[in-house]
Amino acid sequence: LQVTFKPLSEAQFQGAKALRQQFPRELLKNKQPAIGCPDCNDQGGYLIAYRADPERGERQIWRIDKNLDQLPDYLKPFVQSIEKTIDVIQAGK
């Protein structure tokens, strides 16, 4: 498997960076590593890592279902923002 990295445009980078501000703080209370059933039906999922203090290196990680029906209400807008950001990046805008 060959992986090729391509730098994001400034607009793409700023769009992705904006996801930080949309991170739902309520997710920090969830200690389960999976929310919903990511990739149970070949639908894929998102891997979200949160690091409150980059200097200390401590982080929390969640695997999140792409199926909105499987998610708590507080998480749905964030997942929709992730999807929109991915669409923008893939479109090359």
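How are α1 and α3 oriented to each other, roughly parallel or roughly antiparallel? The model is a predicted one, in which local features need pLDDT of at least 70 and side-chain atom pairs count only at pLDDT 80 or more, while totals for chains, interfaces and linings use all residues. Residues are numbered from 1 along each chain as its sequence is written, and side-chain values use heavy atoms, with hydrogens and water left out.

**Helix pair**
- The axes (lines fitted to C-alpha atoms, for helices over the stretch in contact, with angles from 0 to 180 degrees between N-to-C directions) of α1 (residues 10-17) and α3 (residues 76-91) come within 10 Å and cross at roughly 170°.
- The two helices (DSSP runs of H or I, at least four residues, numbered from the N terminus, as strands are runs of E, at least two) are therefore roughly antiparallel (an angle over 145 degrees) to each other.
- Their contact (heavy atoms within 4.5 Å) is made by Q12, G15 and A16 of α1 together with T85, V88 and I89 of α3.

**Largest pocket**
- A pocket is an open set of points on a 1 Å grid over the protein atoms alone, where a 1.4 Å probe fits, with protein on both sides within 12 Å along at least five of seven lines; lining residues have an atom within 4 Å of a point.
- The lining of the largest pocket comprises 19 residues, and A16, L19, R20, A49 and F78 lie nearest its centre.
- Two or more lining residues come from each of α1, α2 (19-22), β2 (45-50) and α3, and β2 gives the most, with five residues.

Conventions:
Angles under 35 degrees count as roughly parallel, over 145 as roughly antiparallel, 65 to 115 as roughly perpendicular and the rest as oblique.
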